[in-house]
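Here are a few notes on the ligand site and on one patch of the surface. Have the model open while you read.

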Amino acid sequence: MSKFRIGLGVTGGIAAYKAIEVMRLLQKAGCEVSVAMTRHATEFIKPLTFRALTDQYVIVDDYDPANPDPIAHINFSQNIDLLLIVPATANIIAKFANGVADDFLTSTYLASTARVMIAPAMNTTMWEQPATQRNIALLKADGVRFVEPVAGELACKTVGTGKLEDVENIVSQALSLLETTDNRQQTGDRRQETRDKNQGTSPSESPVSSLLSHDSDLLGEHILITVGGTREAIDPVRFISNHSSGKMGFAVAEAAAARGADVTVVSGVTSVEPPENVKVVRGISAKEMHEAVMKELPNATVFIGSAAVADYRPANAPAEKIKKDGKETMSLELVKTPDILADVSKNRTNGLLVIGFAAETSDVIEYARSKMEKKGLDMVVANDITKDGAGFNTDTNVATIITKNGSETDLPKMPKREMADRILDEIIRLRKE
Ligand code: CTP
């Protein structure tokens with residue numbers, strides 16, 4: 001039996017040919033792939049290509065007399081674990097978001113309860129259109145997952161966000177979504193997931209109404225955030241690390257996604273799971289975290305450095321385990337790691353807001369202010385980690401938010417999730433200034 005059944009929807013964009021590679025990788029991973037195409041997609045690639053590689057009829061128009069199944073959209077939609085759209089145009093996103101069912105693929109979406117993952121690819125202006133971003137937010141509220149497009153040179157010769165994510169990354173995100181669903185032994189019903197998520201909200205607070213009111217105040221922002229502690233290898237067995245749990249950073253990521261932002265987390269070592277609806281990239285050592293951040297940075301509009309990044313790493317980490325050999329003492333030579341926050345600030349492009357954290361044990365405000373100046377930050381969240389209810393592994397925090405304009409806001413002890421919203425409120429205030 002195949003691992004998962006995937007309905008691969010291909011829509012009309014220049015990246016349509018990349019769907020072949022996605023299909024091939026999914027098949028290699030043991031999945032059964034059935035393909036549906038929109039009419040416009042067939043302008044870029046022929047159904048015969050997919051038919052030859054899947055050995056199945058590829059549906060474009062269910063009214064086509066050649067179609068062997070008279071109720072194809074029902075049979076197709078109810079026999080898949082995931083509907084994966086690669087590439088997705090602004091048009092298909094708009095139709096899915098608004099329940100339009102005027103062809104096979106859109107009818108399949110409406111007739112299916114399977115998980116849905118969408119990998120968009122389009123011109124930057126189309127991607128940034130408020131209408132497109134609004135439709136994406138609606139679909140996210142409906143439980144649909146997105147594999148965000150990346151920045152790069154587009155087919156139209158412009159440079160910007162809108163390029164299809166790497167096919168390997170799309171496939172790995174699709175498989176990990178299915179594997180998590182499988183592990184949780186859920187039905188995989190996206191509508192149930194949405195109902196669960198919204199349990200307890202009154203009809204006036206439906207996901208759509210909340211998205212269109214105050215809850216969507218971060219729509220259009222792309223937040224890149226580092227979370228957790230880093231690990232610096234001493235040898236293949238030992239490492240240097242710190243007590244960071246990742247709770248504060250994940251709380252900010254969760255709150256930002258709930259307010260309509262696209263969120264990418266670069267995560268070091270954490271003791272809690274990342275929230276849903278955010279993209280997670282691993283960066284375990286300071287160097288790996290730095291590389292991952294620099295790769296994601298061109299897409300970001302806000303950078304938040306919440307990770308506890310090691311300032312130094314062992315100069316040499318041998319490939320073999322270090323032996324005691326009877327020695328009573330040992331010394332480690334440490335060298336400076338790259339300062340991610342400072343480098344982001346140095347490389348900032350127009351409009352990027354850069355926010356840092358400062359965990360201190362004394363002279364909190366002075367140290368935080370000097371960090372803000374030295375690293376060229378817009379805002380810093382300063383903690384006195386010796387205070388009751390503040391610090392690394394707690395569920396609460398106590399902080400002072402300092403901005404480059406000189407404002408200082410004291411946040412008394414409160415749950416980290418609530419503090420996350422207060423931090424985001426300050427970011428919105430800064431954005432408006
Ligand atoms: N930071 C970073 N990369 C590093 C070190 C720190 O991005 N290599 C970021 C953290 O995520 C945090 C802020 O910088 O947002 C903390 O500043 P930093 O000066 O490194 O704080 P400390 O390590 O506490 O420094 P010091 O020991 O000088 O107080």
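A quick word on terms before the points: a polar contact here is a pair of N or O atoms within 3.5 Å. Keep in mind that this is a predicted model.

1. On the backbone side, a polar atom of L341 sits 2.9 Å from a ligand oxygen, and a polar backbone atom of G305 is 2.6 Å from an oxygen atom of the ligand. D311 uses its side chain instead: one of its polar atoms there lies 2.6 Å from a ligand oxygen. As for cover, the ligand on its own has 580 Å² of accessible area, and the protein covers 74% of that.

2. Who else is around? The ligand has 14 residues around it, and the ones that come nearest are G305, A307, D311, P338 and F357. By type, the shell splits into 7 nonpolar, 4 charged and 3 polar residues.

3. Now the surface patch. Y312, M330, L332 and L334 make a nonpolar patch of about 390 Å². Y312 belongs to strand β14, which runs over residues 312–314.

Terms used. Residues numbered from 1 in each chain as written. Predicted model: local features only at pLDDT ≥ 70, side-chain atom pairs only at ≥ 80, totals over all residues. Heavy atoms only, no water. Near = heavy atom within 4 Å. Polar contact = N/O pair within 3.5 Å; in protein donor to acceptor, adjacent residues only side chain to side chain. Areas by Shrake-Rupley, 256 points an atom, 1.4 Å probe, with all protein chains shown as cover. Nonpolar A, V, L, I, M, F, W, Y, C, P; charged D, E, K, R; others polar. Patch = residues over 30% accessible without salt bridge, like charges linked within 9 Å, V, L, I, M, F, W, Y side chains within 5 Å. Salt bridge = Lys/Arg side-chain N within 4 Å of Asp/Glu carboxyl O. Helix = DSSP H or I, 4+ residues; strand = E, 2+ residues; numbered from the N terminus.
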